Amino acid sequence: KAGVTQTPRYLIKTRGQQVTLSCSPISGHRSVSWYQQTPGQGLQFLFEYFSETQRNKGNFPGRFSGRQFSNSRSEMNVSTLELGDSALYLCASSRDRVYEQYFGPGTRLTVT
Amino acid sequence: QQQVKQSPQSLIVQKGGISIINCAYENTAFDYFPWYQQFPGKGPALLIAIRPDVSEKKEGRFTISFNKSAKQFSLHIMDSQPGDSATYFCAANYPGTYKYIFGTGTRLKVLA
């Protein structure tokens, strides 16, 4: 069974631009969560989607948003990029009612 | 924000030795405690997890010890190998959700 896939793997953007990251969960997994990983703040929860609905949200500004499609694929968007948004963005998927989360390889975003 | 405190920050162990990483949590409502292993350039990989109604869980060379009264849990890696050199994260989830709170990570180096 294929794992969680994320595209693109690497991205360089300029401050003020916006970016969209994509995540395809493991087949059969309907929950998709997003995390930001930085050396200073570690792994921080952004939000979680299930059946196209946001179920939980972390403490990030409104510039960070996401959505989920009917096939469970998910995208996250960051608008008006700031230098501090440079991070590894990780997507994780889970089956319903099972707490195990399986992470993708991440998208490395660099904001210059 | 509820925290999960992880120690030590880094650890050096001889090949064949036992690696021990500790985590402490605050929220007694947490009900799922996974450990993840992350190699450079990769996403975190689920190693082993435990529920608070169990005091110990073993999978191969990896063991979780859980002390509910002390609100602590630890990962033991027996017969540590150079291939175990990675960063390890503990986590806990908010009950009924896929929202994980992660520890700050432990960088393990196993010397050959």
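Mentor: Let's start at the largest pocket, which has a lining of 27 residues; nearest its centre are Gln37(A), Gln38(B), Thr87(B), Phe89(B) and Arg107(B). This is a predicted model: local features need pLDDT of at least 70, side-chain atom pairs count only at pLDDT 80 or more, and totals for chains, interfaces and linings use all residues. Residues are numbered from 1 along each chain as its sequence is written, chains are lettered from A and ligands numbered from 1 in the order in which they are written, and side-chain values use heavy atoms, leaving out hydrogens and water.

Trainee: Why is a space called a pocket and not a cavity?

Mentor: On a 1 Å grid over the protein atoms alone, a cavity is a set of points where a 1.4 Å probe fits but cannot get out, whereas a pocket is an open set with protein on both sides within 12 Å along at least five of seven lines; lining residues have an atom within 4 Å of a point. The largest pocket holds about 660 Å³ of space, a volume being the space filled by probe spheres set on grid points joined across faces, edges and corners.

Trainee: Which strands supply at least two residues each of that lining?

Mentor: They are S4 of chain A, and S9 (86–93) and S11 (106–111) of chain B. Strands here are DSSP runs (E, at least two residues), numbered from the N terminus.

Trainee: How do you know how much area the two chains bury?

Mentor: Buried area is the accessible area (1.4 Å probe) that two parts lose on being put together, summed over both. For chain A and chain B that comes to about 1800 Å², with 55% of it on carbon and sulfur atoms.

Trainee: What makes a pair a salt bridge, and how many cross this interface?

Mentor: A side-chain nitrogen of Lys or Arg must lie within 4 Å of a carboxyl oxygen of Asp or Glu.

Trainee: Why does the pair Glu82(A) and Arg63(A) qualify?

Mentor: Their closest N and O atoms are 3.6 Å apart, so the pair meets the salt-bridge rule. Glu82(A) sits in the loop between S8 (74–78) and S9 of chain A and Arg63(A) in the loop between S6 and S7 (64–68) of chain A, so the pair ties together parts 19 residues apart in sequence.

Trainee: Which bond joins Thr7(A) and Pro8(A)?

Mentor: A cis peptide bond, with omega about -10°; Pro8(A) lies in the loop between S1 (5–7) and S2 (10–13) of chain A. In chain B, a cis peptide bond joins Ser7(B) and Pro8(B), with omega about -5°.

How values were computed. Helix = DSSP H or I, 4+ residues; strand = E, 2+ residues; numbered from the N terminus.
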